[in-house]
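This report describes selected features of one protein model, from charged pairs to helix packing, backbone angles and the surface. The sequence and structure are shown first.

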Amino acid sequence: MVRWVSGAVAPRLVERARIVLACADGQPNTRVAAELKVTADTVRKWRSRFAARRMAGLADDPRPGRRKSELVLSDEERAQLTRWARRARTAQFLALRARIVLGCAEGGTNKQVAAELGVREQSVSRWRARFVERRLDGLSDEPRSGRPPSILLDQVEDVVVATLESAPGKDTHWSRASMAERTGLSKSTIGRIWKKFDLKPHLQDAFKLSTDPQFVAKVVDVVGLYHHPPEKAVVLCVDEKSQIQALDRSQPVLPMMPGMPERRTHDYLRHGITSLFAAFNIADGTVIGELHRRHRAVEFKKFLVTIDKRVPAGLDVHLVCDNYATHNTPEIRTWLGKHPRFHVHFTPTGSSWINQVERWFGLLTDKLIRRGVHTSVKALEDDIRAWIDSWNENPRPFTWTKTADEILNSLADYLAKVTPPASQR
């Protein structure tokens, strides 16, 4: 009893042990109830249960209720449910019901399956019973009252499968008009189906998988530097934004007005280019910037000298750079050898997304360069310097959230999806 009261068991058993110990001291039921803040009936119940059955009387009795029907799957049923649960073009309601049945078949209780899938326990009980009664047919929706749907599920599946797995003749992607012509449905119906399944054939995104043989080691190195920067050191993400053009529009820009966006001519006058060398401090978000008209190892060395002067002498400098040729010339390696406080960490080839200064370059492009009008390279450089000074007055560091394991697992999942099984080759 004393061990129970110390918290070695569930809270409800702790309360019952306290009741029995208090009663064993000779206190009446009403006083025990007042001290433990329970009802006198509760004290009387557990006192009598202990007197009749000793320690076993304090345990909960099995709850009455109807036993659940045993759920056993045949090999064919398990295979079909697995296909429904995993296939991308399966309706989501059917995929969820298939996961519920598979979870119950593995021995999980209704409460456990509901918690795992994020649904109500009543939903699990319903589809478990429906499957036991009618097997696979029980997972389909029953006919509803009202006008039957004009678009059958087979037609919806045909549109989704055709969108994902085919192209319209010589065209590269489907439009609502071409899909409507193929299926005989209206363009608005095609649009609703695509919206329902979040399909956007007109959009295209870009990606690139790194072929660097040291990809894993470099990701672990750089991401580890972001999450656990060394003490008495500065971590700088370094890169160059080369060939920034000083562009002047052929006609004056028309300012924004109510009901009309800002307007500018599509053609422009080009007055020259410049290159921005930047080092982004991951700790406080400040930027060290330097502009040069050319982009060579000579200019990169000058920028390293600038960094050396700007960073206090007592701190090590960790540079996150890409594999650009100017970063790894004999001249640069010699300079780094003479400055042992500099440590270079290279990002994987083709993985500039891992360098935080690229995100800062994106802000610079969006807020200054893309819509800027400059009549000379000097005017462009002055604006860039002013923008950097304004940024450093209120710097904003970025928060890197992904761990190296999460990045590598995400890449592995993607490769598993796009790589066909060996049996299909």
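## Salt bridges

The structure holds 13 salt bridges, a salt bridge being a side-chain nitrogen of Lys or Arg within 4 Å of a carboxyl oxygen of Asp or Glu. The model is predicted: local features need pLDDT of at least 70, side-chain atom pairs count only at pLDDT 80 or more, and totals for chains, interfaces and linings use all residues. Residues are numbered from 1 along each chain as its sequence is written, and side-chain values use heavy atoms, with hydrogens and water left out.

Among the salt bridges is that of lysine 218 with aspartate 212, whose closest N and O atoms are 2.8 Å apart. Both lysine 218 and aspartate 212 are buried; here buried means under 20% relative accessible area, exposed over 50%, and partly exposed in between (1.4 Å probe, protein chains only). Glutamate 381 pairs with arginine 293, again with 2.8 Å between the closest N and O atoms. Helices (H or I, at least four residues) and strands (E, at least two) are DSSP runs, numbered from the N terminus. Glutamate 381 has 8% relative accessibility and therefore counts as buried.

A further salt bridge joins the side chains of arginine 296 and glutamate 299, at 2.8 Å from N to O. Arginine 296 is partly exposed, with 33% relative accessibility, whereas glutamate 299 is buried at 5%.

## Packing of H12 and H17

Helix H12 (residues 215–227) packs with H17 at an angle of about 145 degrees, and their axes are 9 Å apart. Axes are lines fitted to C-alpha atoms, for helices over the stretch in contact, and angles run from 0 to 180 degrees between N-to-C directions. On the H12 side, the contact (heavy atoms within 4.5 Å) is made by Phe215, Val216, Val219, Val220 and Val223, and on the H17 side by Ala404, Ile407, Leu408 and Leu411.

## Positive phi angles

Most residues other than glycine have a negative phi. Lysine 232, a residue other than glycine, has a positive phi near 50 degrees. It is placed in the loop between H12 and strand E1 (233–249) and is exposed, with a relative accessible area of 70%.

Glutamine 243 also has a positive phi, of about 55 degrees. This residue is found in strand E1 and is exposed, its relative accessible area being 57%.

A nonpolar patch on the surface is formed by Phe207, Leu209, Tyr414, Leu415 and Val418, which together have about 450 Å² of accessible area. Patches are made of residues with over 30% relative accessible area and no salt bridge; like charges are joined within 9 Å, and nonpolar side chains (Val, Leu, Ile, Met, Phe, Trp, Tyr) within 5 Å. Accessible areas come from the Shrake-Rupley method with a 1.4 Å probe, and for residues only the protein chains shown count as cover. Tyrosine 414 is found in helix H17 (residues 404–418) and is partly exposed, at 33% relative accessibility.

Arginine 44 lies in helix H4 (residues 40–53) and is partly exposed, with 43% relative accessibility. Arginine 44 and tyrosine 226 are 182 residues apart in sequence and 62 Å apart in space, C-alpha to C-alpha.
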